[in-house]
Amino acid sequence: MRRLIWALLLLPMMVQAQTLEECQRAAEKNYPLIRKYSLIEKTTDLTVANIQKGWLPQVTATAQATYQSDVPAWPDAMGTMLQQMGLDMKGLKKDQYRVGIDVQQMVFDGGVISSQKQLAREQGLVQAAQTEVDLYHVRKRVNEMYFSLLLLNDQLQLNQDLQQLLAGNEKKLSSMVKSGVAAESDLKNVKAERLNAVQQATSLESQKRMLQTMLSTFCGIEVSNVQKPPVADVSSNNNRPEMHLFDSQLRLANAQEKALHAALMPKLGIFAQGFYGYPGYNMFEDMMRHDWSLNGMVGARLTWNIGALYTHKNDKAKIQLQRDLTENNRDVFLFNNRLEQIQQDESITRYRQMMAEDNEIITLRSAVRKAAESKLSHGIIDINDLVREINQENAAKVQQSMHEIEMLRQIYDKKITVND
């Protein structure tokens with residue numbers, strides 16, 4: 001009962017992918033790289049959350065103990081005068097201690113935190129776009145295995161037809177041998193050709209099982225039956241994920257430039273400091289009594305990092321060069337992509353022309369083979385001529401299948417080239 005329950009639970013996962021699109025979608029979901037999207041999103045969210053905490057009060061706790069070589073003291077004349085008045089001014093001690101807290105609150109940061117958050121988001125989008133580009137290449141690998149499997153299916157079917165044809169002629173020759181019309185060697189020749197076709201079928205079946213296993217593993221589902229996709233029209237518009245990557249890189253450069261400008265702005269903050277220790281802010285009181293005291297200070301602070309101006313021009317030029325490099329990469333990609341489309345269009349046209357002649361070639365080869373069978377039955381030709389005609393007819397059918405599959409492969413490779 002338990003095994004039956006597990007079988008029912010696993011049944012939806014063992015979906016047979018029949019079409020190329022189903023295999024491609026399954027492969028993208030199954031490929032380990034897909035998990036990188038959620039990792040990038042979580043990392044970006046954590047980074048933005050940490051940057052946002054820059055608006056929280058910054059609290060610093062300190063504790064220090066020092067020993068000084070010298071401390072502020074009364075001049076000798078004043079000290080003598082105070083002693084004559086009966087005042088014991090001990091002066092400050094050289095060993096000093098304090099335990100305190102420093103609290104700073106940003107009021108105006110010139111847009112630094114906002115620009116840093118936007119920069120973190122754009123960096124996350126660039127990483128996600130790069131992941132999309134890497135994941136897109138999975139489709140090409142699925143195409144290679146899928147169309148190879150289609151070709152093997154056709155070859156196996158043609159091999160079965162060849163075996164049936166040879167078996168039919170073998171049966172006829174067996175009757176002719178019994179009648180004394182044909183030689184035993186002719187029968188053995190045809191039987192050897194049939195067994196050779198059986199060996200080829202064994203090899204093709206082995207290749208098919210290997211490809212099915214590879215494609216099933218790659219897609220994460222059981223692929224047991226593939227279907228020929230229809231001949232489709234392909235748009236020339238380029239929607240490749242690389243275009244989104246280039247756009248993301250340009251937006252990242254814009255965010256970097258905004259962060260660069262924000263670094264030039266002055267920053268305003270308020271602060272509060274407090275400590276318990278010796279000496280405190282009242283130096284005169286501490287000269288008379290060496291007691292620890294509570295001390296505090298509040299205020300506002302305006303800072304302006306003028307040093308950022310030194311490299312601002314060069315940093316801005318570097319960002320512009322980054323933009324130029326991205327645009328150059330886009331132009332190179334579009335140029336190479338267009339060349340690839342031209343090659344694929346030419347291949348599609350070539351295979352279409354070949355397919356237009358394949359049917360006629362097969363019709364002629366079939367007629368020649370049937371004529372050879374008739375001539376053999378009348379003793380006009382020998383068995384070698386018939387075997388040659390049978391093989392040539394089979395080769396023409398195999399060639400037709402290859403032309404059709406290769407044309408479909410080029411069409412769907414072009415769909416990947418332009419992301420149609």
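Let's start with strand β1, which is hardly covered: among its 10 residues, the count of buried ones is 0. Here buried means under 20% relative accessible area, exposed means over 50%, and partly exposed lies in between, with a 1.4 Å probe and protein chains only. Strands (E, at least two residues) and helices (H or I, at least four) are DSSP runs, numbered from the N terminus.

Before we go on, please note that this is a predicted model, in which local features need pLDDT of at least 70 and side-chain atom pairs count only at pLDDT 80 or more, while totals for chains, interfaces and linings use all residues. Residues are numbered from 1 along each chain as its sequence is written, and side-chain values use heavy atoms, with hydrogens and water left out.

## The sheet

How many strands form the open sheet? There are 4, in the order β1-β2-β3-β4, and the pairing is antiparallel. Two strands count as paired if DSSP finds at least two bridges between them. The edge strands, each pairing on one side only, are β1 (58-67) and β4 (293-303). From one strand to the next, the twist averages 20°; axes here are lines fitted to C-alpha atoms, for helices over the stretch in contact, and angles run from 0 to 180 degrees between N-to-C directions. As background, strands of a sheet pair through backbone hydrogen bonds, either parallel or antiparallel.

Now walk across the sheet. β1 is joined to β2 by 10 bridges, and Gln-64 has Arg-98 in β2 as its bridge partner. Next, 11 bridges join β2 (residues 95-108) to β3 (residues 267-278), with Val-99 standing opposite Tyr-276 in β3. Finally, β3 and β4 are joined by 11 bridges, and Phe-271 has Gly-299 in β4 as its bridge partner.

## Two pockets

A 1 Å grid over the protein atoms alone is used to find pockets: a pocket is an open set of points with protein on both sides within 12 Å along at least five of seven lines, and lining residues have an atom within 4 Å of a point. Grid points are joined across faces, edges and corners, and a volume is the space filled by probe spheres set on the points. The largest pocket holds about 200 Å³ of space. Its lining includes Gln-104, Leu-268 and Arg-301. β2, β3 and β4 are the elements that give two or more residues to this lining, and β3 provides the largest share, 4 residues. By class, the lining of the largest pocket has 4 nonpolar, 6 polar and 2 charged residues. In this scheme Ala, Val, Leu, Ile, Met, Phe, Trp, Tyr, Cys and Pro count as nonpolar, Asp, Glu, Lys and Arg as charged, and the others, Gly among them, as polar.

The second largest pocket has a volume of about 170 Å³. Among its lining residues are Glu-21, Tyr-136, Lys-415 and Asn-419. Two or more lining residues come from each of α2 (20-30), α5 (112-179) and α10 (383-418). Which element gives the largest share of this lining? It is α2, with 5 residues. By class, the lining of the second largest pocket has 4 nonpolar, 2 polar and 6 charged residues.

The expected span of a helix is 1.5 Å times one less than its number of residues. Helix α6 (residues 184-219) has 36 residues and should span 52 Å, and its end C-alpha atoms are 52 Å apart, which agrees. Helix α10 also has 36 residues, and it reaches 53 Å from its first C-alpha to its last, close to the 52 Å expected.

Phe-218 has its place in α6. Is Phe-218 buried or exposed? At 12% relative accessibility, Phe-218 counts as buried. Its C-alpha atom is separated by 45 Å from that of Lys-171, 47 residues apart along the chain.

Most residues other than glycine have a negative phi, and most peptide bonds are trans. After α6 comes Gly-220, whose phi is positive, near 80°. Asn-419 is not a glycine, although its phi is positive too, about 55°.

Where is the cis peptide bond with omega near -5°? It runs from Tyr-278 to Pro-279, and Pro-279 lies in the loop between β3 and α8 (283-288).

Conventions: 1 Å grid on protein atoms, 1.4 Å probe; cavity = no way out; pocket = protein on both sides within 12 Å on 5 of 7 lines; lining within 4 Å.
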